[in-house]
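Trainee: I am new to this structure. Could you walk me through it?
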Amino acid sequence: MNALFVITGLGIFSLLAEFGNLKKWLTGFVVAGLAAAVVLAALDWNTAVPYFSHMLVFDNLALAFTALISILTIIWFWLSADYFTTGTHRTDRTSLIVFAVVGAVIMASFNNMAMLFLGIEILSMSLYVLAGSRKDSLSSTEAAFKYFLMGSFATGFLLFGIALVYGATGSFHLHTIAATLTANPSGLPSFFYAGVLMMLIGLAFKISAVPFHFWAPDVYSGSPTTITAFMSTVVKVAAIAAFVRLFSTCFLVVEPTWSKVLQVIAVLTLVIPNVTAVYQNNVKRMLAYSSVGHVGYILLAFIASPSETGTIFYYLTTYSVSSLAAFSVLHLVEGNSEEVTISYFNGLFKRNAWLAVTITIAMLSLAGIPPLAGFFGKYMVFAQAIRNGYTGMVIVAVITSLIGVYYYFKVIIAMYFNESTTPPVIELRASHKTLLFVLIALTFALGLFPDMIMSLFQA
Amino acid sequence: MLTLLLIFFPLAAALLLFVFRPQNAKVVALIAALIELIISLVIVTQFDKTGAPQFSIDIPWITSLGLSLSVAIDGISLLLVLLTTVLVPFIILSSFSHTYEKPSTFYGLILTMQMALVGVFVARDGLLFYLFWEVALIPIYFICLIWGGEDRGRITFKFFVYTLAGSLFMLVGLVYLYFQTPGSHTFAIQALYEAGRSLSATEQSLLFWALFVAFAIKMPVFPFHTWQPDTYTVSPVQGTMLLSGIMLKMGIYGVIRWLIPVVPGGVAQWGMTAVIISVIGIIYASCIAIVQKDFKRLIAYSSIAHVGLISAGIFTLSAIGIQGAMIQMLSHGIIVFALFYIIEIIFDRTKTRTLSELGGIRNVAPILTTVFVITMLGSVALPFTSGFVGEFLLINAVFQYQAALGAIAGVTIILGAVYMLRTFQKSMSGETNNRTSSFVDLTGQEKLVLYPIVILIILIGVYPTPLLEISESAVNTLLHSITEVTASAN
């Protein structure tokens with residue numbers, strides 16, 4: 001909870017920083033505050049204190065997600081430093097990002113449907129604006145508009161679902177709902193189940209699961225690259241956290257209602273984006289589809305065993321770190337161009353070996369090649385699914401990850417094989433080099449020592 | 001401790017390379033490879049030939065996955081470790097006359113590859129074995145992709161996907177075995193052996209294929225070989241040497257260590273099939289080798305033929321077959337290294353590998369010709385060369401297993417003589433032409449690489465006993481354990 005207070009404080013401070021000469025210290029201050037939030041989350045470990053008459057509960061899962069979200073945001077501030085230095089709206093942008101993080105933390109710790117809704121809205125409102133923050137760009141504006149329309153649509157579903165569930169159980173509290181469900185195994189009116197499915201659809205929009213993913217490629221490729229990086233890591237983590245929290249605690253009792261639907265969604269999410277990504281020539285779009293595809297693996301782990309959240313958390317961590325590495329390189333390679341095709345990466349190894357090596361490692365990790373983090377993430381998901389008898393889905397997932405190898409390697413082959421058509425050598429600043437080094441080191445460390453994360457979830 | 005040093009020293013050296021200036025990278029890499037050779041020789045001197053797996057280390061690593069850093073060396077491992085540590089310094093030395101772009105990365109990848117290869121040969125944990133197996137693929141892929149020849153993007157990608165798909169089958173097989181182990185599950189080799197042997201016949205044969213496909217692709221055995229000729233041809237020569245000299249031995253080692261003892265029932269059921277497709281591969285590859293125009297491609301096909309014989313010998317499940325395979329792996333490793341190096345020397349001087357454009361090198365380069373003759377005789381298994389010992393044992397084993405198959409496999413020696421002598425004729429004898437007339441004989445550095453290899457070829461041929469003794473007890477233990485299982489099953 002203290003972490004949430006600190007982050008909210010940072011958001012308000014960012015708004016006020018326009019007064020006085022605080023602007024140039026702002027980013028540093030926010031990063032320090034987020035680091036403090038990580039420490040505070042760690043201090044609360046194993047307490048599981050409920051706040052505001054059980055509106056929020058900071059149990060270990062919530063704290064782990066809070067820490068992950070804060071750490072990812074710190075790294076994100078590092079990679080997108082120039083997003084704040086160029087242009088005028090420095091304080092506005094910072095505060096929007098920080099408020100998005102507030103929403104994300106609430107989504108990871110809600111214990112009440114109203115808080116879930118609030119968290120999603122706080123997060124989404126900030127993002128609608130950020131997606132359109134490159135005002136002179138047509139695609140950015142389009143992305144913001146599309147995101148807003150689709151987001152409101154999803155929120156509509158979610159709200160309707162919440163209302164129906166409330167109508168049937170008479171409560172917003174997750175534990176009360178769960179208790180009502182256990183007490184009446186057959187006695188709930190049928191609109192309750194409709195409500196559960198509507199909430200499933202609403203959240204499927206938010207985690208961009210197929211067939212509710214259509215907004216994602218357009219929004220991801222239209223937004224400024226740094227915002228895309230934020231959306232595909234921090235926002236994705238928060239959305240998955242909310243999804244897992246809702247369905248593994250509250251609706252676990254009525255698993256038969258949603259499990260078949262979710263299985264279909266998971267298989268579609270594995271197959272369609274991975275196949276579509278093969279045909280993308282725009283790297284940002286390819287990464288967008290890849291990011292949708294990764295949701296499929298997470299859903300697979302969730303279906304196999306909803307209560308084993310460790311695997312999902314580990315997978316999300318590895319995915320986010322690798323994605324941040326990929327987006328950092330993309331951001332540094334793209335310069336001022338709006339559309340980065342694979343040919344931008346031609347001969348990158350000779351132009352700048354640092355960038356080439358970093359994105360190679362990121363791609364290998366996302367493709368699930370050992371001994372990198374992504375391999376262990378996938379391995380744990382597959383092992384968990386096999387253990388629970390979902391061998392058929394694992395076969396599908398293995399095939400889609402082989403397809404993944406194909407499109408990730410298109411970038412790698414371009415960097416080392418194709419001759420460069422855009423010759424300029426890219427110069428890196430020391431801070432960027434350090435960032436890339438940290439991300440490479442994290443990708444290796446998470447892979448070689450997954451127990452660092454997994455031991456958090458062993459009771 | 002010595003085993004860990006043996007595995008991770010090359011990795012440390014690879015990272016250290018980036019501290020030095022790029023132009024010094026090759027020297028530093030050579031020194032590192034020589035130190036690694038010394039470490040392996042120290043292990044040889046302390047090795048007890050009669051004993052069980054030695055120098056063992058077992059540290060829990062990822063407990064949530066049941067993975068531990070469990071390594072040990074027995075006779076079979078030791079011979080392959082020796083092959084690796086002996087060949088890598090020569091491979092590095094052979095590159096000295098060539099200047100590669102980004103040398104630190106190039107030599108760093110070679111040393112990383114060495115780490116993974118040694119790791120594969122000493123791993124005693126199923127998942128650890130798989131990890132090293134995959135890690136070995138990454139450096140060689142980049143060596144071929146960055147420094148390879150024309151059309152390498154497509155060819156190396158085929159190579160990568162082919163071997164990756166194969167190893168995914170293996171991973172699925174290993175994970176399946178893992179869930180069969182008792183208690184909280186483990187990947188320890190002994191537990192996997194027991195789990196595998198307790199399975200039903202159907203499960204064993206499914207598992208046999210899951211593992212066999214991975215190993216067969218790596219070796220490669222017909223019909224899983226289609227990636228190999230292109231990849232060997234397009235790779236830079238050091239990459240080809242690593243692939244053919246050492247990496248394909250991973251597949252053979254995998255069969256010996258992770259297939260035969262794990263699913264003896266499956267092997268009993270499908271062993272004959274494996275021997276037959278291996279023998280088909282021998283004849284098929286030899287015939288294709290005869291009509292090759294490109295020197296490097298010819299040796300690539302001859303490599304498929306030789307590996308086919310090794311694979312056939314192993315699946316006879318006899319002591320001479322496996323012992324023959326051990327010695328033939330070493331012999332093939334050094335001979336194929338020397339052949340590819342000679343091809344590179346010829347290519348360097350004449351800018352061609354097409355046999356019909358060569359000729360008459362004998363008249364201008366007698367030393368190179370002599371070296372080539374000895375290597376060639378080793379390759380066609382003439383007595384008193386290393387090739388003879390291995391092929392003799394292997395053909396003998398196949399013959400005892402099934403006389404007709406033995407006879408067919410024996411044809412490999414004749415076919416081998418045909419394509420190698422044809423090669424000699426086309427390249428070395430005849431009249432010199434404008435490409436070969438100004439051919440310079442071996443330089444000092446090239447002699448430094450080739451003379452020791454030639455000596456090794458003859459030495460192993462004349463006196464193979466010490467090497468055979470190293471692996472003897474390990475091979476016997478292996479065969480003993482599986483005959484016990486099949487005996488108790490009957």
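Mentor: Strands (E, at least two residues) and helices (H or I, at least four) are DSSP runs, numbered from the N terminus. This is a predicted model, where local features need pLDDT of at least 70, side-chain atom pairs count only at pLDDT 80 or more, and totals for chains, interfaces and linings use all residues. Residues are numbered from 1 along each chain as its sequence is written, with chains lettered from A and ligands numbered from 1 in the order in which they are written.

Trainee: How many bridges do strands β1 and β2 of chain B pair over?
Mentor: In chain B, β1 covers residues 54–62 and β2 covers residues 67–73. They form a hairpin with four residues between them. Their antiparallel pairing runs over six bridges.

Trainee: What is the bridge partner of B:Ile57 in β2(B)?
Mentor: Look across the hairpin that β1(B) and β2(B) form, where B:Gly66 in the turn has a positive phi of about 70°. The partner of B:Ile57 is B:Val71.

Trainee: What is the radius of gyration of chain B?
Mentor: The value is taken over C-alpha atoms, and the globule rule is 2.2 Å times the number of residues to the power 0.38. For 490 residues, a compact globule would come near 23 Å, and chain B agrees with that at 22 Å.

Trainee: What percentage of chain B counts as buried?
Mentor: A residue is buried if 20 or more other C-beta atoms, placed from the backbone, lie within 10 Å of its own. Of the 490 residues of chain B, the buried share is 59%.

Trainee: How many helices does chain B have?
Mentor: Chain B has two strands.

Definitions and conventions
Buried ≥ 20, exposed ≤ 12 C-beta atoms within 10 Å, placed from the backbone. Pairing = 2+ DSSP bridges.
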